[in-house]
Amino acid sequence: MRFKFLKKSAFLFSLFPISLAFAQPSLTALKTEYLVNPIGLDSSKPRFTWQMSDPSQGAKQTAYRILVDTDSVSLTKEKANAWNTGWLKSDVNLVTYSGQSLKPFTKYYWRLDITNDQKKTVSKIASFEMGMMNMVNWKGAWISDNENINLKPAPYFRNTFTATKKIKSARAYIAAAGLYELSINGKKVGNHRMDPMYTRFDRRTLYVTYDITKEINAGQNAIGVLLGNGWYNHQSTAVWYFDRAPWRNRPTFCLDVRITYEDETVETIKSGKDWKTALSPIIFNSIYTAEHYDARLEKPGWNTVNFDDKDWKAVMFRSAPSKNIIAQALHPIRNVEEISTKTIKKINDTTYLFDLGRNISGVSKITLNGPSGTVIRLKHGERLYANGRLDISNIDAHYRPTDNTDPFQTDILILNGKGEQSFMPHFNYKGFQYVEVTTSVPLDLKKENLVGYFMHSDVPVAGDVKTSEPIINKIYYSTNNSYLSNLFGYPTDCPQREKNGWTGDAQIAIETGLYGFDGITIYEKWLADHRDEQQPNGVLPSIIPTDGWGYEWGNGPDWTSTIAIIPWNIYLFYGDQKLLADCYDNIKKYVNHIDETYPTGLTSWGLGDWIPVKSKSPVELTSTCYYYADVVILAKAAKILGKGADFEKYTALAKKIKDAFNAKYLDRQKGIYGSGIQTEMSVPLYWKIVPEESIPLVAENLAKRVEVDNFHLDVGLLGTKAILNALSENGYSNIAYKIATQKTYPSWGWWMENGATTLYENWPIDAKSDISMNHIMFGEIGAWLYKSPGGIKPDENQPGFKHVILDPHIMEGLNAFEASHIGPYGKIVSSWERTTTGIKYTVVIPPNATASMKLAIVRDMVIKVNGKISSEKIEMSAGKYVIEHNSIK
């Protein structure tokens, strides 16, 4: 912690714990594979995690025991036939199952006992349930209605069956190439949207498991499936050629409904030739553009028992899209938040503009009444022309339509004239704030006629930031909105123009995402996509998943370092080695490819500092820094995973890169990299490729450069990741804060001053291109708030916030700040505020974790811990602490 502005005063530091009311310890957040009571798992060795809730000072687990059984009652009697770890002296809270082999379709219960050497604490019973586990366990057939990729309407599928006995439990297992909605007896199953998540369909296909015990009736039942195109049958044409994807076909699915009766017999209702199909009222659906719906074609009751399907056609068999059908074990996409229209503007008798008041990813839902055949067009966009009409010219730049039948981000609804009806797209989402509704006949619309739904992967919130500076609060809010708007089972760049998994955007935003949200399930899935897409020589594409586009442009160490940076950050934030181990060979392939292609240690492969304000940095400078970072991560991973020879090899390679880089780009006497612009100076500092002895001078020169630039940004994507951190980590947090709080161009605050509720793709708000208004690529400021003014950092030697490094920076111009993060052990709080006599700092460390904080030794300053004079480094066990430093004079 640095208090440069306080050095002229003497301060008294005292640290004392805050005693909390005694309470019985409890165990919370019991999860299997990072999910609460999940069903349909495939992992034969699932991971168990938990948190200890205990307000007492120094609360710590000293031993644990896990009991697993198929009978929950047995666990209450301390019997566990599947797995009993026995009492193990350990304070870990992440354990991998190693009991008897788990069986498909079987529900297991688990109980956790811990002790703190004084008392035993017993958890409530948690559960997990296995899914297919193996491809051979599927009984259903892959079916579709045809193989015509150009057929526009989405297909319905239906079947009926009779449940003859009393049902104990029922599960639906459904895999699809495309998207689907599953219904039982006329009602949609679950609240997921856009299942299954997007993968490289011909290499890995996901299935989802649903508990449908309550949905099935005694006697006759009906199953309905509606299929959408998704990324599998991409009919819209754009520059990424998804319409030419090698896997492209008419959507298909495979379904097993597995019913277990009270007498323990099992019946499986499966997809096959006894199913029937017909076209639905969804006459067009594109995940990229929009959805068109003709209500006159509705088939009421199509998914119910008594529907007459005599005119429906037989289904056809199809081959499975891939040989790798695996469980989708991650937080699903949902309609997370309903947003009412803030204002409505009537443009003329047939045109209305609805304004939600904020930019979101998701869909709109319109409810209205009108004559049969009335055409409603709902055009979605982010900004307006001067005349108040919707302007989508900023987000349709890469769309290449072949005709006018697929207007961009424009849903089309044709009314059936049978009273009030609602429409919300099934298989599409958009990025928008405004919806311009045009009707083919005059209709009187009110703002209540339309609502928006903020859609994204429904990851739990894991962090929060509150400050006394309104512009920072707005930036943090907007950063989170953009992060969530770009989380759809994989991280995207923008929710409107592309929806692509740009690797560069994701590596920039990884810390912002992990500080704020519990996203491990999404990233583990996406890194599996990386492994699917990696070429044998180690090369990765710039967008993942991909149809093949991106191997020739936009990739390179600055972008596709995701293969190393994301597993490393998951390890830091969760203390979990699994993703690092799963990707180890892939990181190694990637690094080896660069080493072989660029033997000097310098690489010019990459896209560079994308969309800078004005100054351009050499691609070789930035890409070599990322190459170095990858090699350092690889060496660390080798050490963690016990690969000694690799550790030696890649440690040496890192030194080679560092030496070559500094020999070419660093003027050691002047402390300047390249021409000394912000990106050239900050990126080497951030990735720690600067020689130790040169760091102070390089950091000083970076600070001087920022001052020359009037404390404004002059960076692009890569520089944005680095600059605030490079300054804060090297004694210039006040300058970083000046940059962060600017309200004039170019800055984050400039966007906020101009009404932004999300982050933009380009610094000028009137840019002619590259001006999506909902991008996460400049979102590192969100993580910086946790790391610099909040000072919450993981310790790579005790990852997963087992040990918390606290290094808060008290910044000039900021009166109060609070950051909180729910890590694997619980909630960490770091807050400070100015008082009339100095600074008051409050910290909360969760049970079973520790923290350390270093306070600068300043002349005439005394540090006291619990009333005793202490050194500058304070070690803390679990509990709540207050540090007050007040001027003596």
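This is a predicted model: local features need pLDDT of at least 70, side-chain atom pairs count only at pLDDT 80 or more; totals for chains, interfaces and linings use all residues.
Is cysteine 494 buried or exposed? Cysteine 494 is buried, with a relative accessible area of 0%, where buried means under 20% relative accessible area, exposed means over 50%, and partly exposed lies in between, for a 1.4 Å probe and protein chains only. Cysteine 583 likewise counts as buried at 0% relative accessibility. If a disulfide is defined as a pair of cysteine sulfur atoms within 2.5 Å, the count for this structure comes to zero.

Residues are numbered from 1 along each chain as its sequence is written, and side-chain values use heavy atoms, with hydrogens and water left out.

We can begin with the interior. A nonpolar core is a set of buried Ala, Val, Leu, Ile, Met, Phe, Trp, Tyr and Cys residues joined through side-chain atoms within 4.5 Å. The largest such core has 201 residues, and those with the most contacts inside it are Trp748 and Leu806. Helix H9, residues 619-640, gives the most to this core, with 12 residues; helices (H or I, at least four residues) and strands (E, at least two) are DSSP runs, numbered from the N terminus. A second, separate core of 29 residues includes Ile143, Ala163, Ile167 and Ile216. Returning to tryptophan 748, and leaving aside its neighbours within four places in sequence, its contacts (heavy atoms within 4.5 Å) include Ile475, Leu713, Trp763 and Phe778.

Another enclosed element is helix H11, residues 678-686: nine of its nine residues are buried, so this helix is largely enclosed by the rest of the structure. Among these buried residues are Gln678, Glu680, Met681 and Tyr686. Just after H11, lysine 688 takes a positive phi of about 60°.

The next region carries a label from a record. The UniProt annotation "domain: Bacterial alpha-L-rhamnosidase N-terminal", from an unreviewed entry, covers residues 165-337; UniProt positions are given in the numbering used here, feature names are shortened, and annotations may be inferred rather than shown by experiment. This span is 0% helix and 43% strand, and its end C-alpha atoms lie 40 Å apart. Strand S13, residues 167-177, is mostly covered, with nine of its 11 residues buried. S13 is joined to S18 by 10 bridges, and the two run antiparallel, whereas two strands count as paired if DSSP finds at least two bridges between them. Within this pairing, the bridge partner of arginine 171 in S18 is arginine 258. S13 also pairs in the antiparallel sense with strand S16, residues 205-211, over five bridges, and here alanine 172 stands opposite tyrosine 210.

Two loop residues deserve a look as well. Asparagine 185, in the loop between strand S14 (179-184) and strand S15 (187-188), has a phi near 50°, a positive value in a residue other than glycine, and asparagine 185 is buried, with a relative accessible area of 19%. Glutamate 264, found in the loop between strand S18 (252-261) and strand S19 (266-270), has a positive phi of about 75° although it is not a glycine.

Strands of a sheet pair through backbone hydrogen bonds, either parallel or antiparallel. Strand S3, residues 47-53, and S7 pair over three bridges, and arginine 47 has threonine 96 as its bridge partner in S7. An open sheet of four strands has the order S39-S40-S44-S47, with mixed pairing, and its edge strands are S39 (792-794) and S47 (873-876). Four bridges join strand S40 (residues 803-806) to strand S44 (residues 850-854), which run parallel, and histidine 803 has threonine 850 as its bridge partner in S44.

Finally, the backbone contains cis peptide bonds. One joins isoleucine 544 and proline 545, with omega about 0°, and proline 545 is found in the loop between helix H4 (520-533) and helix H5 (557-560). The peptide bond from tyrosine 745 to proline 746 is also cis, with omega near -5°, and proline 746 has its place in the loop between helix H14 (733-740) and helix H15 (748-753).
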